[in-house]
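Please have the model open while reading.

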Amino acid sequence: MSKAGSSRRWLHEHIADPYVRQAQAQGYRSRASFKLLEINQRDRLLQPGATVVDLGAAPGGWSQVASTIVGPRGRVLAVDLLEMALLPGVEFILGDFGDAAVLEQMLGLLPDGADLVMSDMAPNLSGVRDVDQPAALHLAELALDFAGRVLKPRGALLVKCFEGAGSQALRVEFARHFEQVLVRKPDASRDRSREHYLIGRGMLPITP
Ligand SMILES: C[S@@+](CC[C@H](N)C(=O)[O-])C[C@H]1O[C@@H](n2cnc3c(N)ncnc32)[C@H](O)[C@@H]1O
């Protein structure tokens, strides 16, 4: 893309983008908040009193939405590779979710399991699809594996995915784990992006 073209895109994404302006006006840390708000309005994943895990939480837009809805009787456990400024009602772990020690720490903090595992994790995109797509799939698979270990029987999993090689196989894998699998592309997810979200509800007993 030309320099002029990339400046126009930057201007659009950071200034003209209504979700960026709305996030600033409403005190959300990222425009991503609106993706979760929209999905939740339709699918009612977040409930007062629920225990929620937020994978890839920084800068905290989803955690803000989740902690507001679960309220003081609920819990939000968030993890990210990047530092995240404290949020009331959110427990934060700094680390790589793919790291066994981080996983063990999180499991230790969830003795009674979770009602919702949500992952907005995305790799640092290189722009090379053959590199980015497997990296993104790997993160989605980590989230699915984790959900299998902590979700309560009526719990749900929400995971960011990217359309491309392996995305269909991931949906099949979701269908093996959940009674119901839904695909969502919220308005706040940029049209040109291959990003979408998978929801799994109702864990099934896994057959080998
Ligand atoms: C799109 S951002 C999340 C935005 C967030 N949902 C919000 O509302 O503000 C993706 C995040 O995933 C995190 N991430 C990527 N790989 C990760 C990993 N292996 N472990 C933990 N976090 C990871 C990145 O550091 C980044 O902050």
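Buried means under 20% relative accessible area, exposed over 50%, and partly exposed in between, with a 1.4 Å probe and protein chains only.

## Basis

This is a predicted model, in which local features need pLDDT of at least 70, side-chain atom pairs count only at pLDDT 80 or more, and totals for chains, interfaces and linings use all residues. Residues are numbered from 1 along each chain as its sequence is written, and side-chain values use heavy atoms, with hydrogens and water left out.

## Two prolines

Pro123 has 18% relative accessibility, so it counts as buried. Pro123 sits in the loop between strand S4 (114–119) and helix H6 (129–150). Helices (H or I, at least four residues) and strands (E, at least two) are DSSP runs, numbered from the N terminus. From Pro123 to Gly89 is 34 residues in sequence and 27 Å in space, C-alpha to C-alpha.

Pro205 is exposed, because its relative accessible area is 71%. Pro205 belongs to the segment after strand S7 (195–203). Pro205 and Leu46 are separated by 159 residues in sequence and by 23 Å in space, C-alpha to C-alpha.

## Helix H4

Helix H4 spans residues 61–70; eight of its 10 residues are buried, so the rest of the structure largely encloses it. The buried residues are Gly61, Trp62, Ser63, Gln64, Val65, Ala66, Ser67 and Val70. Just after H4, Gly71 has a positive phi of about 70°.

## Ligand site

There are 19 residues around the ligand, and Trp62, Asp80, Asp96, Phe97 and Asp120 come nearest. A residue is near a molecule if one of its heavy atoms lies within 4 Å of it. The shell holds 11 nonpolar, five polar and three charged residues. Here Ala, Val, Leu, Ile, Met, Phe, Trp, Tyr, Cys and Pro count as nonpolar, Asp, Glu, Lys and Arg as charged, and the others, Gly among them, as polar.

A backbone N or O atom of Trp62 is 2.9 Å from a ligand oxygen atom. A polar backbone atom of Ala58 lies 3.2 Å from an oxygen atom of the ligand. At Asp96, a polar side-chain atom is 2.8 Å from a ligand nitrogen atom. Taken alone, the ligand exposes 600 Å², and the protein buries 86% of that. Accessible areas come from the Shrake-Rupley method with a 1.4 Å probe.

Methods: A polar contact is a pair of N or O atoms within 3.5 Å; within protein, one must be able to donate a hydrogen and the other to accept it, and residues adjacent in sequence count only if both atoms are side-chain atoms.
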